[in-house]
Amino acid sequence: MKYIAFVFLMCFYGNLFSQTALTLEDIYKNGIYRQNRFGPIRWMKDSKGYSSIEKSKSHEGDDIVRYDALSGVRSVLISAEELIPSGKSKPLTVADYHWSEDNSKLLIFTNTRKVWRYHTRGDYWVLDLNTRKLSQLGKGIPSATLMFAKFSPDASRVAYVSQNNIFVESLESGKITQITSDGGEFIINGTFDWVYEEELECRDGFRWSPDGENIAYWQSDTKGVGTFYLINNIDSIYSKPIPLPYPKVGHTLSAVKIGIVSSKGGETKWFDFPGDPRNNYLARMEFIPNSQEVMVQQLNRRQNTNTVWTANIHTMAMSRILVEEDDAFLDIHDNIRWLDGEKFFTWTSERDGWLHLYKVSRDGNTVELVTEGEFDVERISHIDPASGYVYYIASPDNFTQRYLYRSSLKKKEKAERITPINLSGQNAYQISIDSKFAIHTFQNTTTPPVYSLISLPNHKNIRVLEENQELKKRYFELGLNPKEFFKVDIGDVVLDGWMIKPKDFDPDIKYPLIAYVYGEPAGSTVQDAWMDGDLWHHYLAKLGYVVISIDNRGTKTPRGRDWRKSIYGQIGILASYDQKSAVEKILQTYDFIDPSRVGSWGWSGGGQMTLNLMFRFPEIYKAGLALAFVSDQRLYDATYQERYMGLLEDNTKGYRDGSPITYAENLQGELMVIHGTADDNVHYQSFEMLVDKLIKYNKQFYMMSYPMRAHGINERDNTSLHLRETMKTFWLKSLPPNIK
């Protein structure tokens with residue numbers, strides 16, 4: 001009986017304890033730690049309320065609801081029942097929605113399909129709120145091929161792209177007018193090729209004129225662009241090649257131009273921008289409000305000169321109004337807002353060494369600083385000419401955190417912090433048109449996102465909308481050691497980092513070290529924010545590892561122009577030395593880390609960094625795990641790599657020295673490489689070329705290929721869990737933790 005009772009108690013407490021044990025299944029399969037999100041919301045035109053999508057309580061589908069900002073009163077604007085198409089029994093699933101300018105009509109995006117990164121193709125429906133009539137757009141056009149549907153300014157028509165051509169549809173008559181007809185295999189109208197989406201964030205490629213009489217659009221000619229073939233070997237008996245026009249470093253870009261066509265149809269007129277269209281980018285184009293002019297930003301191929309043009313859509317005359325230049329590279333910013341009757345516009349620049357907002361005259365002759373100070377404007381949240389303020393995110397004193405500030409558009413004055421001191425972490429805001437309210441998102445490394453409605457500028461909390469209580473409870477039940485943020489001085493610069501220690505940490509024990517790296521100028525790993533990937537690092541700590549991450553010079557943090565541009569021409573070089581120097585300093589500082597058991601892991605640019613560290617500094621890094629990596633920088637897309645490295649013809653040595661494949665013969669430690677065979681971003685070719693080189697040098701290593709998985713290696717059944725189990729097995733074998 002005692003034995004039976006003992007077994008019962010062990011089973012009972014075993015089950016109890018398992019509820020708080022951190023497992024890979026719970027993270028990557030069961031969704032136990034999935035956070036609740038809020039929205040998407042749209043502030044209504046009157047700024048007194050906002051709309052959102054919510055699951056219907058009476059029907060299987062979605063309601064579009066409105067909340068009054070002050071009172072919180074909820075009303076159903078459009079019920080799921082009203083979204084049931086004629087002859088159907090189920091309502092539409094609302095993937096996204098957009099109001100017409102006067103809020104009288106709703107455009108609904110549904111039945112979506114993924115195009116490269118995003119779900120940008122599908123079906124569109126319009127609901128007229130006056131007649132309550134629901135109508136599908138594009139009848140007669142192949143299903144689920146519509147993209148970027150937009151109301152005309154008077155909401156009488158909708159324009160959209162289908163199969164690389166642009167169409168305009170009358171909402172009253174249903175008549176569809178095809179206004180371009182040359183779209184096809186090589187010609188793309190109203191949208192973009194792969195590299196424009198990935199590197200310039202361009203997908204929606206047409207704009208209505210303010211009077212609705214014309215449409216301005218981009219056209220891309222991909223003929224001559226190298227075609228890379230992905231191979232599907234698993235969905236049929238015979239392999240299927242998947243062609244992808246993809247310009248690699250030093251090779252031909254699409255020829256891109258901007259044209260004007262009547263929204264009723266007719267011939268397109270083309271602007272004549274100077275320079276070879278295959279060696280320049282038309283990175284942005286928007287109509288100037290209340291005008292017949294567009295503003296266009298033209299980047300040269302080196303991406304160190306941005307020429308801003310205004311162009312008349314009737315005369316086709318063009319004026320150069322601003323030229324932004326940098327010795328290294330330039331980023332494109334979407335912060336233009338026209339002010340004072342379109343006499344001035346806002347402009348983002350690093351010209352004084354910090355990223356700031358400026359006020360520029362329409363002719364470009366005067367440029368005035370708006371957000372003054374020795375800090376970076378990390379992003380613009382809202383520009384409000386009526387109140388005379390710009391609201392923006394900055395963090396002058398802590399580069400891992402983010403806070404809301406505001407500055408006057410009309411006079412020079414010190415930046416005013418809006419976020420209260422007690423909200424230590426990262427803050428983001430979706431601000432109403434009149435700047436009186438905002439949806440505020442707060443998070444830090446131990447607090448999952450909390451969404452609240454606040455008033456501005458006093459930042460008074462009106463109500464909590466979603467606080468992820470259950471997730472926070474589950475996280476704290478795990479009893480994990482939180483991230484510890486620290487700084488490491490490597491001599492000529494001080495870097496930010498974090499550390500996660502094992503749950504039962506003992507300072508008298510020597511622990512193996514795993515460094516999580518990224519290191520590219522596209523992002524940062526050391527941020528005081530809730531990150532889903534942190535649970536993986538906590539899991540590694542639970543196995544007996546100390547886990548760290550360091551932001552080297554050049555990472556995307558608000559530390560000024562010189563910090564970000566320091567890596568120009570030396571991607572993979574300076575950052576490798578920063579990472580190595582930081583680890584050496586950490587080994588000198590912390591006695592509980594075993595210098596004979598140091599490893600690195602990273603994804604994408606972080607995979608490239610891991611390979612560079614393993615091959616360059618084998619005396620330090622004894623194990624490395626590289627996923628979805630670039631092994632030779634010449635294999636990656638031209639737009640990204642040339643931005644940060646310059647042209648191949650000008651920096652051949654830099655491309656060679658920054659590529660880990662150059663040093664593959666130096667491998668000494670344990671290495672595992674992992675890649676998805678359908679990676680349209682960093683091609684499987686990069687994986688195979690490195691493997692071939694390692695074989696040549698008779699280097700032993702581990703490898704895993706995931707068939708028909710893309711850059712995120714998360715498609716198809718059980719992939720995420722299998723990947724993490726594979727990664728865990730590698731670490732336990734190659735960098736064994738302490739035996740207990």
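A: In this predicted model, residues 538–734 carry the UniProt feature "domain: Peptidase S9 prolyl oligopeptidase catalytic", which comes from an unreviewed entry. The span is 42% helix and 17% strand, and its end C-alpha atoms lie 19 Å apart.

Two helix pairs can be described in detail. Helix α7 takes in residues 574–589 and helix α8 residues 605–616; their axes are 10 Å apart and meet at an angle of about 70°. Angles of 65 to 115 degrees count as roughly perpendicular, and α7 and α8 are therefore roughly perpendicular to each other. Their crossing is right-handed. On the α7 side the contact is made by Ala 575, Ser 576, Tyr 577, Gln 579 and Lys 580, and on the α8 side by Met 609, Asn 612, Leu 613 and Arg 616. By class, the residues of this contact are 4 nonpolar, 3 polar and 2 charged.

The second pair is formed by helix α5 (residues 534–543) and helix α12 (residues 719–734), which pack at an angle of about 35° with axes 12 Å apart. Here too the crossing is described as right-handed, with α5 passing α12. From α5, the contact uses Trp 536, Tyr 539, Leu 540 and Leu 543; from α12, it uses Arg 724, Met 727, Lys 728, Trp 731 and Leu 732. The contact of α5 with α12 contains 7 nonpolar residues, no polar ones and 2 charged ones.

The other annotated domain gives a contrast in secondary structure. UniProt, again in an unreviewed entry, places "domain: Dipeptidylpeptidase IV N-terminal" at residues 100–449. That stretch is 2% helix and 49% strand, with its end C-alpha atoms 30 Å apart. Within the numbering of this stretch, Met 316 has a phi near 65°, a positive value in a residue other than glycine. Met 316 sits in the loop that links β22 (305–312) to β23 (318–325). Most residues other than glycine have a negative phi, and most peptide bonds are trans.

One joins Gly 39 and Pro 40, with omega about 10°. Pro 40 belongs to the loop between α2 (24–28) and β1 (41–43). Another cis bond runs from Leu 456 to Pro 457, where omega is near 5°. Pro 457 lies in the loop between β34 (447–455) and β35 (460–466).

Taken as a whole, the protein has 12 helices and 43 strands. Its C-alpha atoms fill a box of roughly 80 × 70 × 65 Å along the principal axes. A compact globule of 740 residues would have a radius of gyration near 27 Å, and the protein has 27 Å, so the value agrees with that expectation.

How values were computed: Residues numbered from 1 in each chain as written. Predicted model: local features only at pLDDT ≥ 70, side-chain atom pairs only at ≥ 80, totals over all residues. Heavy atoms only, no water. UniProt positions renumbered as here; feature names shortened; annotations may be inferred. Helix = DSSP H or I, 4+ residues; strand = E, 2+ residues; numbered from the N terminus. Axes fitted to C-alpha atoms, helices over the stretch in contact; angles between N-to-C directions. Parallel < 35°, antiparallel > 145°, perpendicular 65-115°, else oblique. Left-handed = near helix turned anticlockwise from the far one by under 90°. Contact = heavy atoms within 4.5 Å. Nonpolar A, V, L, I, M, F, W, Y, C, P; charged D, E, K, R; others polar. Rg over C-alpha atoms; globule rule 2.2 N^0.38 Å.
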